[in-house]
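Please look over the following protein, taking the sequence and the structure together. A short report on it comes after them.

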Amino acid sequence: ETNAVNKVLIVLVVFMIFCSTYIAIGSPQNPNSTIIVYYFHGTVRCPSCTMLEELVRDAVEIEFSHELETGRITMQVVNVDKQDNKHFVDDYCLNAQSVVLSQIENGKEKQWKNLDQIWTLLEDQGQLWEYLQNEIEKFLKGTPR
């Protein structure tokens, strides 16, 4: 009877170590689904463009730090003037610096959304922050539109 209890305790300890290691590594909640927050810009950048990038980065890093750590969200800053990135202009109908959310499932884009209100909200950073947070949360819940 003592041997059986010891074996159960050993199994539980091993299981707890495995689980804590798995969480510490930062495995995504759903390994088949990731949200990419893109910030697209050109080579020539005005002060507002760089400020917008900083605000987007800060909002994502602060409001979604857990999702970044687990891989549920990634952020990519992309210069669309570079030859390898020019396809994004057509892919996402870009006509200026933009923030686009893209949901990737099983390696394929399931849906995307251009956050077209970023420039009108730039003057009110609180509203811009809230807009970014709300739109990203909608994507995380699977209801972006």
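## Basis and confidence

This is a predicted model, in which local features need pLDDT of at least 70 and side-chain atom pairs count only at pLDDT 80 or more, while totals for chains, interfaces and linings use all residues. Residues are numbered from 1 along each chain as its sequence is written, and side-chain values use heavy atoms, with hydrogens and water left out.

The protein averages a pLDDT (the predictor's confidence in each residue, from 0 to 100) of 82, and 76% of the residues score at least 70. Confidence is lowest in helix H1 (residues 2-25), at a mean of 47, and highest in S2, at 95; helices (H or I, at least four residues) and strands (E, at least two) are DSSP runs, numbered from the N terminus. Over residues 11-29 the pLDDT stays under 50, and for this stretch the model has ten contacts (heavy atoms within 4.5 Å) beyond four places in sequence. Where pLDDT is low, the predicted coordinates should not be read in detail.

## Nonpolar cores

A nonpolar core is a set of buried Ala, Val, Leu, Ile, Met, Phe, Trp, Tyr and Cys residues joined through side-chain atoms within 4.5 Å; buried means under 20% relative accessible area, exposed over 50%, and partly exposed in between, with a 1.4 Å probe and protein chains only. The largest such core has 23 residues, of which Val37, Val56, Val99, Ile118, Leu128 and Leu132 touch the most other members. Two or more residues each come from strand S1 (33-41), helix H2 (47-63), strand S2 (73-79), strand S3 (98-105) and helix H5 (125-141), and H2 gives the most, with six residues. A second, separate core of ten residues includes Val78, Val80, Leu94 and Val100.

## Cysteines

With a disulfide taken as a pair of cysteine sulfur atoms within 2.5 Å, the count comes to zero. Cysteine 49 is in no disulfide, the nearest cysteine sulfur, that of cysteine 46, being 3.0 Å away. Cysteine 49 counts as buried at 5% relative accessibility, whereas cysteine 93 is exposed, with a relative accessible area of 57%.

## Two residues in detail

Glutamate 53 lies in helix H2 and counts as buried, at 13% relative accessibility. Leaving aside neighbours within four places in sequence, glutamate 53 is in contact with Tyr39, Arg45, Met75 and Val77.

Asparagine 114 has its place in strand S4 (residues 108-114). Not counting residues up to four places away in sequence, asparagine 114 touches Tyr92, Cys93, Leu94, Ser98, Val99 and Val100.
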